[in-house]
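Colleague: I have the model open beside the sequence and would like to go through it with you. Could you start with the terms, please?

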Amino acid sequence: MIATSLISLCLAAATIALPTPNTFLAPLRRAVDIPGAVAPIPDAYIVALKENTVDPHARGDWLNVVLSSRGHVRRDLTELDFRLGWNETVFNGLAGRFSDSEIRTLQQQGEVSYIQHDTLLHTTALVVQLNAVWGLSRISSGATPLPPNSDPASFGFQYTFDDSGGSGVDIFVLDTGIRATHQDFGGRVNFLQTFGTGTPGIDVNGHGTHVSGTVAGSVFGVAKSATINMIKCMDDAGAGFTSDIVSAINLAATTASSSSRPGIVSMSLGGPPNQAIDDAVVNAVNNLNVPFVVAAGNEGLDASSSSPARLGGPGGNPGVITVGATTIDDSFATFSNTGINVDVLAPGQDILSCGVDSDSALQNLSGTSMATPHVAGIAALIMGTEGKISPTALKQRIISSGVVGVIDGITTATSNTLTNSGVL
């Protein structure tokens with residue numbers, strides 16, 4: 001018990017000790033204090049709890065004791081706005097809508113680590129008009145660039161990969177959903193759950209279907225035999241609340257860790273610095289041994305200003321791989337975020353993959369969102385032949401197998417390492 005004043009939940013005795021306000025206030029991170037952060041619902045918050053202070057199965061009881069003991073009305077815990085069931089090893093906390101006075105009360109509790117606004121994150125694609133399928137070829141050709149003046153709309157490129165194709169590996173894609181019936185997926189799709197306001201079970205936006213096609217499609221995918229496990233946490237416009245994304249991370253990590261099959265999480269999304277997102281990812285890696293591949297972001301800025309991208313790099317989490325983007329002519333994509341937090345680079349401009357208009361539709365997108373599934377697919381290829389390996393070992397393998405020094409126009413602080421499947 002690490003707080004100076006704790007609330008004990010004694011379910012067997014059906015009694016709950018009254019809380020004693022802490023002398024110090026837990027930090028409050030409002031959207032206005034975070035550059036670029038947006039909180040469309042001003043009274044929606046994430047409340048992070050300290051380890052071993054509140055029974056994870058009775059967070060709602062704790063909340064009502066705290067509120068009622070300070071003169072607030074007890075809350076109906078069945079309201080959809082509340083998130084109380086997150087696995088404590090992923091994110092120890094809760095989410096809900098609270099008044100300013102209720103937030104002040106929660107800040108006073110010794111069990112509370114910090115409180116932050118439930119801010120929005122976004123997918124990281126840039127829509128373009130040209131068509132291309134060059135990315136697969138480039139990640140398997142090592143130091144050899146594609147021929148000069150290659151046509152990004154051509155289907156004539158060669159892709160070499162291990163014949164296991166990631167068979168037996170689960171790739172958890174956290175995105176806008178998936179058109180599961182698309183012919184490129186061949187029935188290798190599990191739609192796990194929808195979090196948030198997007199159309200349940202359907203990819204209206206197209207971003208999630210495109211990403212899934214790159215990671216594991218039979219034509220466009222890196223790991224052509226892997227299984228896609230889609231968790232929809234971004235809405236039909238490509239935006240998602242922090243609480244929905246934490247819920248998706250929680251589901252992906254707990255599902256992967258309880259399975260005998262190797263699993264990896266692919267997150268082609270991001271936003272301004274977000275402690276709750278970062279904590280959930282780090283806890284999933286450290287506590288449940290689930291590796292994550294995340295997008296660097298498309299602002300052309302240092303990735304240290306974006307979550308969860310800032311978790312990558314040699315000084316970051318050893319099981320989080322942050323991916324920047326390159327072009328067909330081996331140039332660094334001008335939109336890609338940069339800096340020491342970027343671990344590896346992958347094709348991310350003019351990427352052709354699956355669309356959502358029909359079961360044979362195609363679409364072209366650009367962004368670090370498109371680079372990320374190339375790396376997640378390579379991770380699946382590795383685990384398809386070797387089985388479960390630690391997130392740290394997986395990250396080291398992916399970085400060490402990359403090709404160094406072949407990308408032009410890159411900043412000195414950014415790792416010039418192009419991901420490569422050809423020397424696995």
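Modeller: Buried means under 20% relative accessible area and exposed means over 50%, with partly exposed in between, using a 1.4 Å probe and protein chains only. Helices (H or I, at least four residues) and strands (E, at least two) are DSSP runs, numbered from the N terminus. This is a predicted model, in which local features need pLDDT of at least 70 and side-chain atom pairs count only at pLDDT 80 or more, while totals for chains, interfaces and linings use all residues. Residues are numbered from 1 along each chain as its sequence is written, and side-chain values use heavy atoms, with hydrogens and water left out.

Colleague: Which residues of helix H2 are buried, and what covers them?

Modeller: In H2, residues 100–107, the buried ones are Glu-102, Ile-103, Thr-105, Leu-106 and Gln-107. Their cover, counted by contact (heavy atoms within 4.5 Å), includes strands S3 (28–29), S4 (44–49), S5 (93–97) and S6 (112–117) as well as helix H1 (59–69).

Colleague: How much of S5 is buried, and how does S5 pair with S4?

Modeller: Four of the five residues of S5 are buried. S4 and S5 pair in the antiparallel sense over five bridges, where pairing requires that DSSP finds at least two bridges between two strands. Within that pair, Ala-48 has Gly-93 of S5 as its bridge partner.

Colleague: Changing topic, what is in the largest nonpolar core?

Modeller: A nonpolar core is a set of buried Ala, Val, Leu, Ile, Met, Phe, Trp, Tyr and Cys residues joined through side-chain atoms within 4.5 Å. The largest one has 40 residues, and Ile-171, Val-323, Val-375 and Ile-398 have the most contacts inside it. Elements that give it two or more residues include strand S9 (170–175), strand S16 (320–326), helix H7 (368–386) and helix H8 (391–400). H7 supplies the largest share of this core, 10 residues. Apart from it lies another core of 37 residues, with Ala-48, Ile-231, Ala-248 and Leu-288 among them.

Colleague: And which cavities turn up in a search of the whole structure?

Modeller: The search finds one cavity of 30 Å³ or more, and the largest cavity has a volume of about 50 Å³. On a 1 Å grid over the protein atoms alone, a cavity is a set of points where a 1.4 Å probe fits but cannot get out, and lining residues have an atom within 4 Å of a point. Grid points are joined across faces, edges and corners, and the volume is the space filled by probe spheres set on the points. The lining includes Leu-120, Phe-195, Cys-233, Met-234, Asp-235 and Asp-244, and S12 gives the most to it, with three residues.

Colleague: What sheet does S12 belong to?

Modeller: S12 is in an open sheet of three strands, ordered S12-S7-S14 with antiparallel pairing. The edge strands, each pairing on one side only, are S12 (239–241) and S14 (269–270). S7, residues 120–123, pairs with S14 over two bridges, and His-122 stands opposite Gly-270 in S14.

Colleague: Where is the cis peptide bond?

Modeller: The cis bond joins Ser-307 and Pro-308, with omega about 0°, and Pro-308 lies in the loop between strand S15 (292–295) and S16.

Colleague: Is Asp-350, with its positive phi, buried or exposed?

Modeller: Asp-350, whose phi is about 60°, sits in the loop between S17 and S18 and is buried, with a relative accessible area of 14%. Asn-52 also has a positive phi, near 60°, but at 55% relative accessibility Asn-52 counts as exposed.

Note on methods: 1 Å grid on protein atoms, 1.4 Å probe; cavity = no way out; pocket = protein on both sides within 12 Å on 5 of 7 lines; lining within 4 Å.
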